[in-house]
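Biologist: Could we go through this model together, starting with the overall fold and then turning to the details?

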Amino acid sequence: MSVAERLLIGRLKDRDEDAFGEIVRLYGDKVFNLVYRMLGSRAEADDIAQEVFITVFKTIDTFRGEAKFSTWLLRIAANQSKNRLKYLARRATDPEGLEGGGALDVAAAPHSMPLSGQVDGPDVLAEAAELDSLLQRGIAELDEEQRLLVILRDVEEMSYDEIGEVTGLPEGTIKSRLHRARMALKEWLDRHTR
Amino acid sequence: MDHEQAAELFSDFVDGSIAPRDKAALEQHLSACIQCRTNLESFRRAVGSLGKLKHGAPPGFLPEIQQQIYKRSRGRFFSRRWKLFGRIPFEWVSLATIIAMLIYYIAMLHGTPGGVKPAP
């Protein structure tokens, strides 16, 4: 952990509101993206990502600095996403689990806000939105553990060590589960792009 | 090496973490197997596409969180009023009060017409 990060965490432990704002600005996109990819719904992601930061504000005293702050934060995000998925699965009345608040709103992906500041033409945007939607539906087909691993490794581009800190899984397990998830996603894309 | 064994190595191959011996065996198999080459290509495409799935937090994300904390803490945190008064150091408040009292005292002394009249 860098000195600047340690100071920032120290200020957050003193409940410095500016430090909290800085944390949200630094990690908001990452947390939101993780939660959104896990849940597949922007409305759900908005609620849960907010809860993640509220939890951080409440429980920052339990952060001992043994792990990186970002992995500690993403562990909270992953756990809250999994809990939400369980809740939505219990609440779901239709077999697809796509009704109500947990709706998978990937069809609305063209209106999403990409992080890149680059402005592309309509064709490129439509194609990107279609791919985004397709991949999101493919991710939703995976079980929650596989989903998390694919997101952490291939969407967030984290190292196996960092993924181990977030999930608590040994590297060998991560690799084998990730491989199965990637293969399932490849098969799904093959079926839906032919 | 058969197709299944080849496919088992795709992740390590794409990640660049494959052992040299496995890499050589896989490349040898790929050179002779068009089916596995196609499969590897679509595997690589699937994994590569995931890196483009970036979605930023919506506008107003931070103020909404601050508002939630304000509500749940019953105004203890993220209250503007609290922030305004909470941030003025008490030393400055005390000093300002003393100065104000001094000014008032001096004004009272000089403000009395003719000053304090001696008793006849």
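**Fold, domains and contacts**

Modeller: Read along the sequence, chain A of this predicted model follows the pattern α-α-α-α-α-α-α-α. In total, chain A has 8 helices and 0 strands.

Biologist: And how many helices and strands does chain B have?

Modeller: Chain B comes to 7 helices and 0 strands. From the N terminus on, its elements run α-α-α-α-α-α-α.

Biologist: What about contacts between residues that are at least 24 apart in sequence?

Modeller: Among contacts in chain B between residues at least 6 apart in sequence, 38% join residues at least 24 apart. In chain A, residues 24 or more positions apart account for 64% of the contacts with a separation of 6 or more.

Biologist: Which domains are assigned in chain A?

Modeller: The domain assignment gives domain 1 (1–104) and domain 2 (120–194) of chain A. Their C-alpha centres lie 19 Å apart.

Biologist: How many residues of the two domains are in contact?

Modeller: The contact involves 15 residues of domain 1 of chain A and 12 residues of domain 2 of chain A. On the domain 1 side, α2 (17–39) and α4 (69–91) of chain A each supply at least two residues. The largest share of that side, 6 residues, comes from α4(A).

Biologist: What kinds of residue are on that side, by class?

Modeller: The side of domain 1 of chain A that touches domain 2 of chain A has 7 nonpolar, 3 polar and 5 charged residues.

Biologist: Changing topic: how many residues does each chain give to the contact between chain A and chain B?

Modeller: Chain A gives 37 residues and chain B gives 23 residues. On the chain B side, the elements that give two or more residues are α4 (34–50) and α5 (61–72) of chain B. By class, that side of chain B has 14 nonpolar, 7 polar and 2 charged residues.

Biologist: Now a single residue. Where is A:Ser41 placed, and is A:Ser41 buried or exposed?

Modeller: A:Ser41 is in the loop between α2 and α3 (42–59) of chain A. A:Ser41 is buried, because 25 other C-beta atoms lie within 10 Å, and the cut-off for a buried residue is 20 or more.

Biologist: How far apart are A:Ser41 and A:Phe63?

Modeller: A:Ser41 and A:Phe63 are 22 residues apart in sequence and 29 Å apart in space, C-alpha to C-alpha.

Biologist: And A:Gly168, where does that residue lie, and why does A:Gly168 count as exposed?

Modeller: A:Gly168 lies in the loop between α7 (160–167) and α8 (171–193) of chain A. A:Gly168 counts as exposed because it has 9 C-beta neighbours inside 10 Å, and the cut-off for an exposed residue is 12 or fewer. From A:Gly168 to A:Thr55 there are 113 residues in sequence and 20 Å in space, C-alpha to C-alpha.

Biologist: Finally, what is the average pLDDT of chain A, and where does pLDDT stay under 50?

Modeller: Chain A averages a pLDDT of 86, and 84% of the residues score at least 70. In chain A, pLDDT stays under 50 over residues 97–103, for which the model has 17 contacts beyond four places in sequence. Over residues 107–114 of chain A, pLDDT also stays under 50, and the model has 13 such contacts there.

Methods: Residues numbered from 1 in each chain as written. Chains lettered and ligands numbered in written order. Predicted model: local features only at pLDDT ≥ 70, side-chain atom pairs only at ≥ 80, totals over all residues. Domains from an automatic or database assignment. Contact = placed C-beta atoms within 7 Å. Helix = DSSP H or I, 4+ residues; strand = E, 2+ residues; numbered from the N terminus. Nonpolar A, V, L, I, M, F, W, Y, C, P; charged D, E, K, R; others polar. pLDDT = per-residue confidence, 0-100.
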